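Biologist: Could you walk me through this one? I'd like to start with the ligand and then turn to a strand.

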Amino acid sequence: MRTIESQLADIRSRALLRQLRHIDTPQQPRTTSDARPLINFSSNDYLGLASDPILREAAKSSIDQWGVGAGASRLVCGGLPPHAQLERDLAAFKRTDAALAFSSGYAAALGTLGALAGPEDVIILDKLSHASLIDGARLSRANIRVFPHNHLGKLESHLRWARETVPDGRIVVVTESVFSMDGDRAPVEEIVAIKNRYGALLLLDEAHATGVIGEHGRGLADKSGVASMVDLQMGTLGKALGSAGGYLCARRPIIDLLINRARSFIYSTAPLPAAASAASAALAFLQTPAGRERQETLWQRIGDFIREAPDRLLPEGSVRSAIIPIIIGDEDKATAAAQWLREKGFLVPAIRYPTVGRGSARLRITLSAAHTQDQVASLCAALSRLEL
Ligand SMILES: Cc1ncc(COP(=O)(O)O)c(C=O)c1O
C-alpha cells in the first residue's frame, strides 16, 4: 500500500521535495532568513509596490472604512465599494468594457476556463502555460490540445482540427504573454491573427507583463497594439501590482457569463476589500510620472543584469522581461546551485519538476525596480563564480 510516508520518501529520492522557508521582512531586496542576510531575487514584486507606503496607506484606510473580511461571496452578500472601484479601474487600465476581480489569479484562471468551455468545446494551450490555466482547462472537461511552446504552425493545425471537429463548439486559445518560468514572450500579434481566422477566443494571461511591459505597464497585448482583439485579458494583482487577487478583463457579456458560471467566483468569499483598494492604488500609481519612472527603473536593472551577467549563462537576446532563468537541467544540481547562492547571500529559487519539465530544473532570477544597481552587480559577480 502506498503510504503518505512512502510517497514523501519517493518525492525526496527524486530531489523534488519542497519545504517551506521563511523570510523575516516585508517584500524588499534586503531580507533575512534563518538569521542569514540575503538579497532577494525571488519575488514577483517587480515594481517594489508590495510594501510601498502608497499601497500600505490605501490598504490601511480601506480597513478603517470597510473592515477586513468581505463576509461572503459577492453574489450572496453583495460586493463592497472597493471591489466595484477596482473593477472600474481595471477595465479603464486594460481598456475593456468590464472586469471581474477574483480572490487570486489561480482562481481567475480556474473560474474563467471552467465557465467558458465544456465537453462540446476545445481549449488549445501553449505547452508552457501556467498550472492555473492547465487546471482550469482540465476542470472545464473541454477537449484539450497542447501546442509546443510558441509554435504557431502547430497552433494553427490544432485550430483547423478543432473547427472541423466541433463546428458549432467554442474554441479557446490560451497562452501567457510573458512566461512565468522562462521569461520569454508569446508572439501575440501572430496568435491574434491566427485565432481570428478560426473564430476562436483568446485568453491571454498577462500575470508577468502587467506593470512591466507597455505604456504604464498595460501589458504586452497593449504594447503590440492587439489588446482590443484579445477576448480575455487575465492577470494577477499579486505580482507587479503589489497586492493580492486576480482579474479578468473582457467585453461585458463575457464578464456577465463569468458572474453566472465561474465557480471560483460564485462559491468563494470575495477578495479582502483592502487588497482591492491597494490594487486600485497601484493602478493609479502606474499611470503617474512616478509610476512611469518606477517601470523605467525596473528596465534599467534588467539592462544592468544583461550587461553584467556572465555570457555563458545568458544566451544572446534571451532576456525579455524581469524573469531570468538559468537552465541547469539536473534537479539536484539546481538545488545545490540555489544553496550555494544562499551561502553567498542571495535568495534565488531552484525551480524543479513539476513546475518545469523533468530535467529542465533551473535557477529563476527575478528583478525588481527596488533592487539597486550594486545589488544586481553583486549577484552577477556571484553568478560568474557559480560552477555548473
Ligand atoms: C502565469 C501565471 N498565471 C497565474 C498565476 C496565479 O496568480 P496568483 O498568484 O494571483 O494566484 C501565476 C502565479 O502565481 C502565474 O505565474
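Biologist: Happy to look at it together! Which side chain has a polar atom 2.6 Å from an oxygen atom of the ligand?

Modeller: Keep in mind that this is a predicted model. The ligand is surrounded by 13 residues, and the closest include Asp205, Thr236 and His208. A polar atom 2.6 Å from a ligand oxygen belongs to the side chain of histidine 208.

Biologist: Thanks! How much of the ligand's accessible area does the protein cover?

Modeller: Let's begin with two more contacts. A ligand oxygen sits 2.9 Å from an N or O atom in the side chain of lysine 239, and a ligand oxygen is 2.9 Å from a polar backbone atom of tyrosine 106. On its own the ligand has 380 Å² of accessible area, and the protein covers 82%.

Biologist: And how many residues of the shell around the ligand are polar?

Modeller: The shell residues fall into three classes. Two are nonpolar and three are charged, while the number of polar ones is eight.

Biologist: Now the strand. Why is S9 largely enclosed by the rest of the structure?

Modeller: Look at both sides of S9: Gly246, Leu248 and Ala250 point one way, Tyr247 and Cys249 the other, and all are buried. S9 is largely enclosed because, of its five residues, the number buried is five.

Notes
Residues are numbered from 1 along each chain as its sequence is written. This is a predicted model: local features need pLDDT of at least 70, side-chain atom pairs count only at pLDDT 80 or more; totals for chains, interfaces and linings use all residues. Side-chain values use heavy atoms; hydrogens and water are left out. A residue is near a molecule or strand if one of its heavy atoms lies within 4 Å of it. A polar contact is a pair of N or O atoms within 3.5 Å; within protein, one must be able to donate a hydrogen and the other to accept it, and residues adjacent in sequence count only if both atoms are side-chain atoms. Accessible areas come from the Shrake-Rupley method with a 1.4 Å probe; for residues, only the protein chains shown count as cover. Ala, Val, Leu, Ile, Met, Phe, Trp, Tyr, Cys and Pro count as nonpolar, Asp, Glu, Lys and Arg as charged, and the others, Gly among them, as polar. Buried means under 20% relative accessible area, exposed over 50%, partly exposed in between (1.4 Å probe, protein chains only). Helices (H or I, at least four residues) and strands (E, at least two) are DSSP runs, numbered from the N terminus.
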